[in-house]
Structures are given as structure tokens and as C-alpha cells.
Number of protein chains: 2
Amino acid sequence: MRLSLTLFAGLLAAHTTLAAPFTDEILSQGQQLRQHAMASNRAWNLLESLTTEVGPRLPGTEADRRAVAWAKAKLNTLGFDRVYLEPVTVPHWHRGQASARITTPFPQSMVVTALGNTVGTDPAGVEAEVVAFNTLEDLKQADPEQVMGKIVFINHRMERYKDGRGYSPVVKARGRGAVEAAKKGAVAMLLRSVGTDSHRFAHTGMMRYQEGIAQIPAAALSNPDADQLERLLKRGEPVRFNLKLSSETRREQISYNVVAEITGSTHPEQVVLIGAHLDSWDEGTGALDDGAGVAIVTAAAKHIIERNLKPKRTVRVVLFAAEEIGLIGAKAYKAAHLDRLDSLYIAAEADFGAGPIYRLDSRVNEAALETMDEVARQLAPLGVERGHNHSWGGPDVSILPDEGVPVAGLSMDGSDYFDVHHTMDDTLDKVDPDALRQSSAVYTLYTWLMANAEQSLRPIPLPQE
Amino acid sequence: MRLSLTLFAGLLAAHTTLAAPFTDEILSQGQQLRQHAMASNRAWNLLESLTTEVGPRLPGTEADRRAVAWAKAKLNTLGFDRVYLEPVTVPHWHRGQASARITTPFPQSMVVTALGNTVGTDPAGVEAEVVAFNTLEDLKQADPEQVMGKIVFINHRMERYKDGRGYSPVVKARGRGAVEAAKKGAVAMLLRSVGTDSHRFAHTGMMRYQEGIAQIPAAALSNPDADQLERLLKRGEPVRFNLKLSSETRREQISYNVVAEITGSTHPEQVVLIGAHLDSWDEGTGALDDGAGVAIVTAAAKHIIERNLKPKRTVRVVLFAAEEIGLIGAKAYKAAHLDRLDSLYIAAEADFGAGPIYRLDSRVNEAALETMDEVARQLAPLGVERGHNHSWGGPDVSILPDEGVPVAGLSMDGSDYFDVHHTMDDTLDKVDPDALRQSSAVYTLYTWLMANAEQSLRPIPLPQE
Ligand SMILES: [Zn+2]
Ligand SMILES: [Zn+2]
Ligand SMILES: [Zn+2]
Ligand SMILES: [Zn+2]
């Protein structure tokens with residue numbers, strides 16, 4: 001289907017310029033933009049500013065409010081046509097203190113971090129024997145007698161891949177482990193960190209409770225601590241563990257999706273959305289997750305402004321609130337704009353570190369594949385290749401295709417992303433300035449082309465599987 | 001001098017076997033030992049046991065007592081002729097909790113660790129404006145008015161070298177920074193971590209006070225936090241910092257140098273000492289510092305026992321107490337043995353991680369250089385080259401040459417050592433089993449040769465410089 005359409009388009013192109021996805025002028029302006037972006041420190045400077053002047057920015061906290069203020073002020077200085085806030089009601093989970101230790105047979109402290117949304121423990125901690133499972137599935141299969149009254153340890157090690165596909169098989173245990181453990185009478189759930197590093201940083205991230213199932217405390221052990229616990233358990237004697245968490249859920253707060261636009265010159269009502277999330281976990285400064293994304297998409301739009309170029313469609317930068325605790329800002333965005341989502345020409349999100357970007361995926365009508373293929377050809381000098389047409393778009397954007405919104409996925413090399421993801425160690429020094437610059441250049445050119453493409457991208461194909 | 005002696009020895013060797021530093025049998029047994037050691041997991045198993053079953057072992061703590069008990073029990077199982085303890089009175093410094101934050105202009109928490117021996121702060125912390133210096137020397141030169149009432153930040157970055165020579169220029173500020181800051185009226189001293197990594201682990205280590213100078217609290221910032229503080233200061237506004245430490249010095253305790261011997265068959269009164277320190281800092285499990293050393297020297301002796309070989313001299317493994325807080329065990333050892341130090345044929349210490357070992361240095365009489373040169377030739381198949389003859393021997397052993405004791409230095413590749421040195425991240429996963437095995441094989445062969453060498457190594461040359 002795709003091949004024949006491309007062939008048809010090729011034949012058509014021989015007869016009429018109308019069939020070309022982009023005018024020569026747009027392509028030429030795009031390549032100038034690419035060069036401009038590849039000489040720009042804009043993304044780095046934005047990221048340096050956000051991580052230094054705001055730092056960690058957990059939804060619902062005072063730092064979250066400072067992040068919103070930072071974003072609004074910063075976008076206002078950059079020359080956008082419009083900068084505005086859209087309110088989002090966000091939960092406020094408070095981490096508090098976490099401590100943990102083996103009490104017998106070999107007393108020693110352990111590095112843990114509370115999982116997002118967990119309840120706390122008694123001030124004296126919860127203490128019990130540890131029972132280990134290799135996977136969430138093994139826990140589900142276990143005899144409840146084995147688990148009753150114990151602390152469940154899910155010892156599932158994440159594997160490293162460029163595309164981060166080691167994440168999804170393991171992260172289920174983070175979200176669901178406490179519920180499955182509580183169903184069998186466990187008193188707490190410990191998780192081997194969902195991360196690819198071997199440093200004593202535990203990886204936090206969201207966990208969930210289920211109506212009618214006891215809410216037990218849930219924490220992650222750093223990978224070296226999980227190794228240590230595994231070694232202790234292998235010795236065959238019962239291992240007792242004490243976990244103290246002073247985490248709690250506090251009152252809901254108002255946060256904001258922060259939006260900035262370059263108004264389209266020809267089709268202002270059609271919108272090319274490029275997003276990232278402004279919030280971060282609270283232990284690092286959210287440099288890779290997702291300060292980098294904020295910097296990449298903001299710089300992309302700014303590069304267009306700097307070159308005095310006027311896109312035909314509106315370019316909309318959305319810095320989503322509260323992604324980390326359940327796409328709260330994205331869901332609020334979708335709900336608030338539900339009757340106007342057909343104004344979205346295409347949406348994409350940068351939320352996988354600093355790059356570099358190596359592939360363009362998409363989810364557009366098959367008749368419009370030549371547009372996306374041409375975008376990929378234009379991105380080729382930056383090292384980007386053409387990918388598939390069943391992109392999910394990225395976390396916040398992932399809920400839009402259900403409403404028919406076309407999406408693009410600019411895949412970043414995530415080989416090292418899960419070394420620091422959701423840890424104290426997600427700080428500016430982990431960002432490669434050259435990778436960040438390349439990613440921002442890719443978004444710059446992509447955004448320019450999408451804002452000036454000739455074809456409609458709808459209706460989008462149904463999801464695969 | 002050295003060349004001509006070697007030449008002379010070579011000429012002599014042509015005429016008489018008496019001049020050979022080792023008999024052929026000893027050399028042949030040594031090479032068999034090398035092969036045996038290179039197939040052994042002994043060092044790894046010892047290290048795994050110590051770091052798992054004891055973990056962190058700060059002098060004076062309950063864990064320190066467990067470490068001594070572990071060592072005694074373990075050495076007893078290994079078939080040494082004698083295992084005994086020598087008491088050492090050790091200070092007991094208690095770390096307590098550390099926390100720190102920027103209060104203005106951009107509030108955020110900072111990762112710090114208390115420096116060993118520091119006093120604590122008020123429960124509310126000490127809070128003041130930060131004044132930064134690039135080096136201890138710059139602080140010494142500073143106008144006291146600049147420093148009075150402030151928190152001094154010494155921002156001296158350590159450089160990475162194979163031989164660790166980046167350490168000594170920076171570590172002076174750790175030991176002496178608080179005194180120099182207090183002399184000018186500072187209220188606390190913050191140090192950029194003495195470490196080569198860029199992770200949010202602060203590096204602890206010993207600091208000192210001086211009689212008559214106010215005792216101000218002293219802590220290290222992780223390198224990323226020091227970077228962050230540097231960026232905040234560059235913005236030009238006053239930066240206020242709050243540091244809370246609940247550290248305190250507690251009552252002295254009794255710890256022990258743990259000693260194990262293979263009695264010499266011909267010269268039992270002559271001793272080849274191989275040492276390491278049993279204690280560790282309290283945040284990691286002391287895998288590289290100095291569990292690896294403990295494992296390397298213990299396995300070296302055990303390899304000789306396993307092969308049923310009888311060294312002519314006594315092989316003495318000394319696991320020193322309380323090295324980290326000022327060579328306390330080594331000083332006690334020297335004091336207790338002062339009238340018998342001439343029984344030490346040669347001493348060496350493994351305290352620079354897990355290896356690999358790349359060079360043999362020595363400090364022996366020049367007439368005995370041919371012995372050390374031959375040891376190096378025997379070690380060559382393990383990748384060891386011959387170094388110089390002004391070795392210091394290693395921390396604990398460094399105080400022995402002043403009493404005329406010959407020493408050897410088996411230099412380890414320390415390129416990565418200061419990434420984890422004195423941090424929470426000094427754990428078993430950081431140890432390369434192959435490097436550890438090679439180091440242990442080097443010590444095995446070295447120890448065998450020294451215990452059977454023909455020449456006297458005394459008197460040793462005076463220190464250079
Ligand atoms: Zn994210
Ligand atoms: Zn995240
Ligand atoms: Zn050491
Ligand atoms: Zn040390």
C-alpha cells in the first residue's frame with residue numbers, strides 16, 4: 001500500500017507541484033534553520049536555567065509553582081505571540097524521609113527510596129522477614145502462605161537497550177507490586193530499582209493502590225542494595241528488614257500547563273503541538289527527565305522566531321504539568337480541549353532525555369506517508385532515519401491518537417537514560433551538550449516542516465495489535 | 001649506581017650460584033603459585049563474605065567489632081599457624097544525619113556528607129552566606145573580612161590519574177580547610193568532594209581541628225552539587241546555605257589489629273609483612289577501600305598454604321584497625337613492636353582498590369636491588385613492571401621505613417578508585433573480579449619470593465627530597 005502510494009505520488013509529482021509535500025522555499029528555509037539550530041546554545045541555556053534556578057519540581061510543591069513561574073517568565077522573554085497558563089488540579093504526594101536496614105542476620109543499612117504515592121510506615125518502621133520473587137508474575141503465582149506477614153522483594157533486573165524497551169516489562173512491578181503483595185497479606189513491598197545503573201541511587205516512580213486492597217508501603221532498593229539483599233537471602237537464613245517511610249499524600253494543589261505559541265500566518269487555527277513535561281521527581285533536578293525535553297521543544301520554537309520565519313500553521317509549545325504522577329496535565333489538556341482536538345495537525349513530545357535523535361516515527365494517514373518520508377529525508381543530515389508509522393507519540397501525547405490526533409515520535413538514544421532516570425543523579429552534568437543541540441535542531445526542522453506541510457495527515461490508522 | 005650493581009651481580013652470577021637472589025626451586029614453586037592464584041576465587045570469596053556479612057565497619061562501632069570477629073573466624077578456618085588479635089584504642093566518631101540546602105535565592109536541597117571527626121551543628125543547622133575559594137591556598141590568602149560569619153566553600157576539583165596523584169593536592173583542604181576557615185571567622189566549611197566522579201555521592205574522609213582554633217562543622221558536597229553551587233554563585237546574588245549535622249565524637253573503644261601467620265621454616269624470626277586495613281568508612285561497604293586489600297593479602301597467604309609450601313621466613317598478614325581515622329592501628333602496631341621491628345624483613349600494604357597491579361616499587365638497600373629486580377621479572381607475566389626504589393609502602397606501612405623497615409609498593413591502577421572512594425557507592429559491584437584475581441596473584445608470588453629471598457634488604461636508603 002505504502003509503496004504503491006509513494007510510486008503514485010512520484011508519478012503525480014512529475015506533472016504537478018501541488019503533490020510535493022513541501023515547497024522548495026520551505027525546504028530551503030528548513031535547512032537554514034537546521035544550520036542555525038546546530039550553532040545554537042539555546043537549549044543548553046534553557047536547561048541550565050531551569051535545573052539551576054528551580055531544581056527539583058515535584059507536582060503540588062512550592063518548587064512546582066516556581067517552575068511554572070520560571071516557564072512563564074522565560075517564555076515571555078523569548079518573543080512568542082502568546083504565552084498562557086491552563087490550570088490543572090494535581091495531587092500532592094510528600095516524600096518525607098526513607099530509611100531501611102537489615103536487622104538480622106547481618107545488620108546494615110540499605111539505600112531505598114519511597115515510590116511515588118506510597119503510604120508511610122509507623123515511625124518505628126515496618127519490620128518483617130523478606131520473601132523474594134524474580135518477577136511480578138512469580139508473586140502472582142505464589143502461595144499466600146509464603147507471603148503472609150512478610151516483606152515482598154521483587155528482584156527483577158532491568159535490561160539496557162537503545163530504545164529503552166527494557167523498561168516496560170519491569171515497571172509493571174513498580175506500579176502493581178504493592179497491590180499484588182498486599183492481596184497475599186504482605187506488610188510492605190520492596191522493588192529492585194527500575195534502572196540500568198549499578199550505583200547506590202534507588203529509582204523512584206509512580207505506584208498505585210487498588211480499592212479494597214490494603215495499602216502497604218512500597219519502596220525501591222538501589223541495584224547494589226538489591227544485589228546485597230539477594231546475596232544475604234542466598235545464605236539461607238531468614239533475613240529481616242526494617243523499612244521506615246514518612247511519606248504521605250497531602251492536599252491537592254493547582255498547577256498549570258504552560259503554553260506558548262507562534263501564531264500561524266495562513267492557518268492559525270491549525271496547530272503543530274510540541275510538548276515536554278515541566279514537572280520532575282524531587283530527588284534530582286530533572287535534567288534528563290524532562291528538563292531536556294522542555295529545553296529542546298522551547299529552543300526549537302525559539303529558533304524559528306530568531307530567524308524571523310512565519311510558519312503557516314500555529315506552533316504550540318506545551319509544557320505539561322504533573323506527568324510523573326500520572327499524565328495529570330496531559331489528561332487535563334485533553335479534557336479541556338476535547339472539542340478542539342481536530343485543530344491539532346500533529347503532536348509530538350520530547351521525554352526521553354537529551355538525545356541524540358536517531359529516528360522519525362509517525363502515526364498519520366497512509367496517504368500522507370510521503371510527507372513524513374520527506375521530513376525524514378530533510379532530517380537525514382542530522383543522522384535521523386525514517387522509522388515506522390505506529391508511533392505512540394510519547395507519554396503525554398500518547399492519549400491523543402485515541403481522539404484521532406496524528407503524532408510523531410522523534411526517537412532518542414536512551415542507552416544511558418535509565419542510569420539516572422528518577423534518581424538523585426538526574427542532574428545537568430549528565431546531559432551531553434552536543435546531543436541536546438542535535439535534538440533541538442531535529443525538533444526545529446521537524447516543527448518548521450510540519451507547520452508548513454501541504455497534506456492533511458488525517459484520518460490516522462488504528463493502533464497495531 | 002643501580003646499573004653498575006646489576007652488571008656486577010650479573011658477572012658474579014656467571015661464577016657462583018650463591019649470588020642468585022632466589023634458588024631455582026623457589027622460582028619454580030613461585031611460578032606454580034602464580035598459576036594457582038590465577039585460577040583461584042579465594043580473594044573474591046573473602047571480599048564477598050566481608051562486604052556482605054559485615055558491610056560498613058567504622059572504627060569504634062558495633063560493626064567494627066563484628067569485622068574483627070569475622071576476620072578472626074575467617075583466618076582460623078584458613079589453616080594459618082597462628083591467628084591473634086592485638087588491641088588498639090580507637091576514637092569513635094559518630095556520623096549522625098547530614099542535610100543541607102540552599103535557602104536563597106533558589107531554594108533546593110544539596111547532597112552533603114559529614115567529614116570524619118567533624119563536630120555537629122545546632123539542630124536548626126548553621127546558616128550563612130557562602131564565600132567560595134578555588135583552593136585552600138586561596139582561602140589562606142583571603143582577607144578575613146571576606147570570610148567572617150560566612151560558610152567557606154573550597155571548590156578544588158580533583159583530577160584523574162592512574163597513580164592517584166590528583167589526590168594529595170586536594171585532600172589538604174579536607175584535612176585543614178575547617179581550621180583555616182575558622183581562623184578567619186567562618187561558621188562552617190564546605191568542600192567540593194575529593195573524588196573524580198560526577199555522581200551525587202559526597203566523599204567523606206578525615207578532617208582535623210587545631211588546638212586554640214574554633215571547631216566549626218565541616219562537610220563535603222558531591223561534585224554535581226558543587227557544580228550547582230558554583231553556578232548559583234556565578235549569578236552574582238548572595239547565596240545562603242543551611243547545613244545540619246548531628247555528628248559527634250563518642251567514647252573511645254577497643255578495636256584490634258588482626259594478625260595471621262605462616263611460621264617460617266628456616267628463619268621463623270624474620271617476617272614478611274603483608275597488610276591491609278580492616279576498617280572502612282560507614283556509608284559504603286568498603287569493597288575497594290579496603291575490603292579488596294584484605295582479600296588480596298589474605299588470599300595471597302592462603303594460596304601458599306593451599307599449595308603446601310613452607311616459606312623460609314614467617315609470612316604475617318596484618319589487618320590493621322582504624323586506618324581511616326588516622327592510621328590508628330598502624331601506629332599502635334609500631335608502638336607495640338618497636339623493639340622488634342628489625343624482625344621485619346620487608347612490609348607492603350594493599351590499600352588502593354582491587355587492581356590490577358602494574359608496577360613493583362621498593363625501598364631496600366641498593367645492594368639488594370637485584371633481588372627486587374628479579375621479583376619484578378618473575379611478576380612480569382602478570383603485567384607488572386619494575387619501578388623505583390623510593391616507595392612509601394602504603395598508608396599503614398608508611399610509618400615503618402622511619403624505623404629502618406624495608407618496604408615494597410605494588411602499584412595498583414587507581415584510575416577509577418576515586419570515583420567511589422569514601423562514598424556510599426564503594427560496594428562489591430564496583431570490583432572487577434579479574435583485577436582482584438591478578439592483584440592477589442601478584443601478592444602471592446611477591447610474598448613467596450620475599451619469604452625465600454637470599455639477600456638482606458637493610459639498611460634502607462634515606463627518603464628522597
Ligand atoms: Zn518524563
Ligand atoms: Zn519520569
Ligand atoms: Zn584505605
Ligand atoms: Zn580510605
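Helix H3 and helix H4 of chain A are roughly antiparallel to each other, and I want to start there. Why do we call H3(A) and H4(A) roughly antiparallel? H3(A) covers residues 42–53, H4(A) covers residues 62–77, and they pack at an angle of about 150°. Angles over 145 degrees count as roughly antiparallel, so this pair qualifies. One caution before I go on: this is a predicted model.

Two packed helices are described by the angle between their axes and the distance between the axes. You have the angle already. The axes of H3(A) and H4(A) lie 10 Å apart. H3(A) passes H4(A) in a right-handed crossing. Which residues make the contact? From H3(A) come A:Leu46, A:Ser49, A:Leu50 and A:Glu53. From H4(A) come A:Arg66, A:Trp70 and A:Lys74. Sort them by class and you get three nonpolar, one polar and three charged residues.

The crossing of H2(A) and H13(A) is right-handed. On the H2(A) side, the contact residues include A:Ile26, A:Leu27, A:Leu33 and A:Met38. On the H13(A) side, they include A:Ala441, A:Leu445, A:Trp448 and A:Leu449. What is the split by class for H2(A) with H13(A)? Nine are nonpolar, five are polar and two are charged.

Next, the sheet in chain A. How many strands form this open sheet? Eight, in the order E3-E2-E9-E5-E6-E7-E8-E4. The pairing in the chain A sheet is mixed. At the edges sit strand E3, residues 108–110, and strand E4, residues 112–114, of chain A. Each edge strand pairs on one side only. From one strand to the next, the twist averages 35°.

Strand E2 of chain A, residues 98–104, pairs with E3(A) over three bridges. E2(A) and E3(A) pair in the antiparallel sense. Take A:Ala100: its bridge partner in E3(A) is A:Met110.

Helix H7 of chain A, residues 167–183, lies across strands E6, E7 and E8 of chain A. H7(A) runs at about 150° to E7(A).

Over to chain B. Its open sheet has eight strands, in the order E3-E2-E9-E5-E6-E7-E8-E4, with mixed pairing. Strands E3 and E4 of chain B are the edge strands. Here the twist averages 35° from one strand to the next. Strand E5 of chain B, residues 126–133, runs antiparallel to strand E9 of chain B, residues 240–245. Four bridges join E5(B) to E9(B). B:Val126 has B:Leu243 as its bridge partner in E9(B). Helix H7 of chain B lies across strands E6, E7 and E8 of chain B, at about 150° to E7(B).

Last topic: where the chains meet. In this contact, 32 residues of chain A meet 32 residues of chain B. How much area is buried between chain A and chain B? About 2400 Å², with carbon and sulfur atoms giving 48% of that. A:Thr52, A:Arg200 and A:Arg235 supply 24% of the area that chain A buries against chain B. That is more than any other three residues supply.

Technical notes: Residues numbered from 1 in each chain as written. Chains lettered and ligands numbered in written order. Predicted model: local features only at pLDDT ≥ 70, side-chain atom pairs only at ≥ 80, totals over all residues. Heavy atoms only, no water. Pairing = 2+ DSSP bridges. Helix = DSSP H or I, 4+ residues; strand = E, 2+ residues; numbered from the N terminus. Axes fitted to C-alpha atoms, helices over the stretch in contact; angles between N-to-C directions. Contact = heavy atoms within 4.5 Å. Parallel < 35°, antiparallel > 145°, perpendicular 65-115°, else oblique. Left-handed = near helix turned anticlockwise from the far one by under 90°. Nonpolar A, V, L, I, M, F, W, Y, C, P; charged D, E, K, R; others polar. Buried area = accessible area lost by both parts, 1.4 Å probe.
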